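Look at the sequence and the structure before reading on.

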Amino acid sequence: MKRLFLALFIIFLVVLPVFPGTPEFWINQMNSIGIASLVVLGLVVLTGVGGLTSFGQAAFVGIGAYATAYLSTTAGYSPWVGLLVALALTFIVSYILGQITLSLSGHYLPLSTIAVCLVFYYLYGNLGFLGRHDGIPGIPPIEIFGFSLLKAKHIYFLIWACVLLAVWFSKNLLDSRPGRAIRSLKSGAGMAESFGVHTKYYKVVAFVYAGVLAGLAGWLYAHEQRAVSPSTFGINYGIEYLFMAVIGGSANIWGAVFGSTLILTMKDHIQDIVPQLLNTSANFEMVVFGILMVFILHHAREGLWPILVNFVAKFTGSQLVQPKPVPDASSALPQRNRPQHGELILEVDNIRKEFGGLVAVNDISFNIHAGQIMGLIGPNGAGKSTTFNLITGVHSLTRGSVRFMGQEIGSLSSRKIAALGVGRTFQHVQLLPTMSVLENVALGAHLRVNTGIVQSLLHLERETEAQMLQEAKKQLERVGLGDYLHEQAGNLSLGQQRIVEIARALALDPTLLLLDEPAAGLRYKEKQELASVLSGLRDEGMSILLVEHDMDFVMRLTNHLVVMDFGTRIAEGTPGQIQVNPVVLEAYLGGVDDDLGISIDAKGANA
Ligand SMILES: Nc1ncnc2c1ncn2[C@@H]1O[C@H](COP(=O)(O)OP(=O)(O)OP(=O)(O)O)[C@@H](O)[C@H]1O
C-alpha cells in the first residue's frame, strides 16, 4: 500500500508540469516546496530524530546559494562546479560549527544556531564581493547535456529528483546502524554510549547531513531564482523551516515534504484571505499564521503526518506501515573468544565514590571469574547501582581500581569499556520506546560491525545490517521474546522491557554481563525463565554480576554474593553462608528494607 502511494505521488510529480492546464504559479510553488523539503528533510534527521534543535538552517541554504551565485557569475564557472563547491563548503562549515556547538546542551544549542544564522545573515549583507544587501543577480540557469533548465517547469524535475533522492538517502540512513545511533541521541545518549555509540560523532554526522542538504537546497534556489540576496537567508526563514519540520511531523521523513507543502500553501492562502476578511492591507497574515502554529503544536505534537497516515490507514482499511521481515544474512556476526572457565575476569579493588560529602561506595573489593554469577545485594541506597556505574565507566572513581581481563578500566569511558566486552542493563529501563524491539536490541550489536555513513546512505550495508538484525532476533528468541520482534519497545510490559535490555546486552557479545535488577516487575514464571536463561549463559562461560532485590531469585541463581550496606561491604560468601550471616540479617532486619528482610529471614529459616 505504501508503495502504491509512492508510485501515485511520483506519477503526480511527473504529470503536473506536462499537463497542459497547469498554471505556471503552481510549478513555481512546487519548486519552492521541493527546495524547502530538502532543508526540512535535514531538520527531520537533526531535530526530529536526533533531538538537536537548529534555527540556523537558512544560513546553510545561504552558503550553498552564495557559493554557486558567486562562482557562476563573477568567476564564470559552470553551475556544476558551483554545486561541488556549495556542497563542500556547507560540509566544512557545518562540520566546524557542529564540533563547536554540539557540545552545548539544553537551550544553549538552539541559541547558538540562532547566533550562527545571524552571523551569516550579516556577512551576506556586508561583504562587498557578495553584493552586500543587493545580493548577486544574473545567475545563469543550470544546463544538463546542453539543455538549459531556464524555465520553472524544467528545473522542477531536477528539484524533485533531488527531493526523492534525499528522501531515499534519509530513509536508508535512519534504517541503518548509524541511523539507530542517531535515533538514540534524543532520549538515550547515555545508554547508547554504554553500547559503544560515539554520540558526539553521530551528533556531528546529523548536523553535517542537515547542513549539506540545506546547501543543496541553496544551490537549487540560486539557479531557480537566478538571483540571491540576504533577506531569504535570515533567522525568520530558519524559524519557518523548523515550523515545517514540526508541523509536518518532525520525526517522519515524508513529514518533511508534507510540512513544507502545508506551510508554504497555507502562507500563500492566508496572505490572500486575511486582508479580504479583515478588509485591510495591513500585515495580519503573520499573526494568523502564528496563532495557527500554536494551535497545531498544542493539538498535534507529533505533527500532522502521523495523523494523516492513521486517517488514510483507517479509510483504506489497510496497515500502511508494515513490519519488514528480518533479512537473511549469509553469515553470523563474529564472536569474541570466550575465556577459560574459572579465569579471572573482573578485579574490583578498593573502589570508592564520593558524591560531595556522601560516600556512596566505600572501598569495595571483589573478583568475578568466568562462568560465575556474582550477586551484589544490599538494602536500598546501599551503593549497588553506583558500584555498577563505576565498573561501567558511567561514574568516575574517587579512588581504587577496576581491572577487566587484566586491563585497567577505571579511567576508561563507558564506550571503551563496552568495546572490551562489558554489557549491561539499567536499573531504570532505558529503551528507545518508539523503536521496534528488534532495532533496540540491534543497537546492542553496534560495535560488532563497522558500517560507514556513505555505505548506509546508499544502502550498501545490506549484509552487515542483516547480520545485526539476525543477531538481535537470535538474542530475543534466546530470552523468550521472539514473538515481539516488531512491536514498539514502549508497548511491552515493564518486565518484558527488562528482558529486552538483557537481549540488547547479549547482542554486544559480552564477556561480562552486569544486570541491574533484571527480575523487577517479572511474574513468577517469567522469573523462572529468566533464571534458566542466565544459568545457560553461565554454563557457556559468561560471567554475570547481578544486582537484585528478589532474594529467592538471587539465592537460587548466584554462586557468590557480596552484601553492601551504606556503601560498605558487610559480607561476602556463598548464598548459603550469606543467608545465615548475622551481620547481613541485622542489616536487612534493621528496618531499612522490610521486604528483603522477610525474604532473607524466610530463606534463612528454611535453610
Ligand atoms: N549521582 C548521584 N549524586 C549524588 N548522590 C548519589 C548519586 N547516585 C547515587 N547517589 C547516592 O548514593 C547512594 C547509593 O545509591 P545507589 O543508587 O548506588 O544505591 P542502591 O544500592 O543501588 O539502591 P537501590 O537498591 O535503591 O537502587 C544513595 O544515597 C544515593 O542517594
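## The chain as a whole

Of the 607 residues of the chain, 47% count as buried; a residue is buried if 20 or more other C-beta atoms, placed from the backbone, lie within 10 Å of its own. The model is predicted: local features need pLDDT of at least 70 and side-chain atom pairs count only at pLDDT 80 or more, while totals for chains, interfaces and linings use all residues. Residues are numbered from 1 along each chain as its sequence is written.

Taken along the principal axes, the C-alpha atoms fill a box of roughly 90 × 55 × 55 Å. The chain has 24 helices and 12 strands; these are DSSP runs, with helices (H or I) of at least four residues and strands (E) of at least two, numbered from the N terminus. Two residues are in contact if their C-beta atoms, placed from the backbone, lie within 7 Å. Among contacts between residues at least 6 apart in sequence, 74% join residues at least 24 apart.

## Two domains

The domain assignment, which is automatic or from a database, gives domain 1 (2-13 + 28-316) and domain 2 (344-435 + 488-606). Their C-alpha centres lie 47 Å apart. Where they meet, 10 residues of domain 1 are in contact with 11 residues of domain 2. On the domain 1 side, the elements that give two or more residues are helix H7 (177-185) and helix H8 (189-193).

## A sheet and its helix

Six strands form an open sheet of mixed pairing, in the order E8-E9-E10-E5-E11-E12. Two strands pair if DSSP finds at least two bridges between them. Strands of a sheet pair through backbone hydrogen bonds, either parallel or antiparallel.

| Strand | Place in the sheet |

From one strand to the next, the twist averages 20°. Strand E11 (residues 560-565) runs antiparallel to E12, and five bridges join them. Valine 563 stands opposite alanine 571 in E12.

Helix H14 (residues 384-391) packs on the sheet and touches strand E5 (373-377), E8, strand E9 (512-516), strand E10 (543-547) and E11. The direction of H14 makes about 150° with that of E9; axes are lines fitted to C-alpha atoms, for helices over the stretch in contact, and angles run from 0 to 180 degrees between N-to-C directions.

Definitions and conventions
Buried ≥ 20, exposed ≤ 12 C-beta atoms within 10 Å, placed from the backbone.
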